[in-house]
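Open the model in your viewer and colour it by secondary structure. The stops below say what to select next and what is there.

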Amino acid sequence: MTTRCRPSGALAGVLLAAVLSTTGCGVVDGSPGAVGTATGPAPQSPPGDDAGIEERMARDIFDRVNDERRARDLEPVEWNGALAGVARSWSEQMAGTGQLEHQDMREVLGREELAGFTGLGENIFTASGPVPAGVAHVGWMRSDDHRGNVLDPGWDRLGVGVFCAPDGSVWAAQEFGRTVDADRPPVAGKTPPVEPIARPAEDGATCS
C-alpha cells in the first residue's frame with residue numbers, strides 16, 4: 001500500500017476576508033483481495049438542479065473537475081454516491097471539530113460501502129465565510145497537492161460533499177476513487193502544471 005498525504009492547514013489565500021485552507025491526500029492499495037470484489041461500482045448520476053444547495057455546490061465542483069480533465073485530454077471521472085456520502089460526512093465532521101484534517105484513508109478504503117475500490121484520493125477545503133463553489137475549485141487547482149488529485153489519470157470515480165455550517169463557514173471534501181476494474185493508467189501521484197486552468201472563475205453555487 002502506498003500513501004501520500006500533505007500537512008493540513010496550508011493557507012491558500014484570502015478573499016473578501018474569508019480565510020481559505022486546502023489539503024490533499026491519497027492512498028492506493030493494489031494488493032490482491034484488498035477490495036473484496038472483482039468489479040467496481042457502476043457510474044451514477046450526480047445531483048440534479050432540484051437538489052439542495054449543498055448538493056448543487058457539490059455538483060458544480062464535480063462538473064469543474066471534469067472540465068479540467070477534458071481540457072487536458074484526460075478521461076472524465078464518474079459520480080459515485082458512496083464517495084459523496086463519505087465526503088459529505090467528513091465535511092460536517094470537520095466543521096464540528098473546527099479542524100481541517102484528513103481522514104485515515106486506509107481505514108476509509110476498507111469500509112464495506114467502498115468495496116470495489118483499490119485507491120482513494122482526498123482534497124479538503126474550508127473558508128471562514130460563504131464562498132462560491134468556484135473558489136474551492138480554483139484553490140485546489142492552484143495548489144500542487146490538490147491539482148495532482150484533480151488531474152490524476154488513474155482515478156475513475158469522484159464524490160463531492162459540501163457542508164454549510166451555521167457559523168457561515170464552508171467545508172468541502174473531494175473523494176477520488178479508483179475501481180478494481182478501472183480501464184485507466186495507474187494512479188500517478190504526479191504534479192501537473194498549473195496552466196491552463198479551464199474554469200478559473202471563482203463563481204457558481206454558494207451557501208448564502
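Helices (H or I, at least four residues) and strands (E, at least two) are DSSP runs, numbered from the N terminus. The model is predicted: local features need pLDDT of at least 70, side-chain atom pairs count only at pLDDT 80 or more, and totals for chains, interfaces and linings use all residues. Residues are numbered from 1 along each chain as its sequence is written, and side-chain values use heavy atoms, with hydrogens and water left out.

**Whole chain.** The protein has 5 helices and 7 strands. From the N terminus they run β-β-β-α-β-α-α-β-α-α-β-β. Of its 208 residues, 50% are buried (buried means under 20% relative accessible area, exposed over 50%, partly exposed in between; 1.4 Å probe, protein chains only). Among contacts (heavy atoms within 4.5 Å) between residues at least 6 apart in sequence, 76% join residues at least 24 apart.

**Select 53-71.** This is helix 1, and Arg69 lies in it. Show the Arg69 side chain. Arg69 is buried but has no salt bridge (a side-chain nitrogen of Lys or Arg within 4 Å of a carboxyl oxygen of Asp or Glu). The nearest side chain of opposite charge is Asp152, 6.5 Å away; Lys and Arg count as positive, Asp and Glu as negative, and His and the chain ends are not counted. Leaving aside residues up to four places away in sequence, Arg69 touches Asp152, Trp155 and Arg184, among others.

**Select 170-179.** Strand 7 is largely enclosed by the rest of the structure, because 10 of its 10 residues are buried. In a regular strand the side chains alternate between the two faces of the sheet. Here Val170, Ala172, Gln174, Phe176 and Arg178 point one way, and Trp171, Ala173, Glu175, Gly177 and Thr179 the other.

Strand 5 (117-127) pairs with strand 7 in the antiparallel sense over 10 bridges; two strands pair if DSSP finds at least two bridges between them. Find Asn123: its bridge partner in strand 7 is Gln174. Strand 6 (157-164) also pairs antiparallel with strand 7, over 8 bridges. There Val162 stands opposite Ala172. Finish at the hairpin of strands 6 and 7, with 5 residues between the strands. Gly168 takes a positive phi near 95 degrees.
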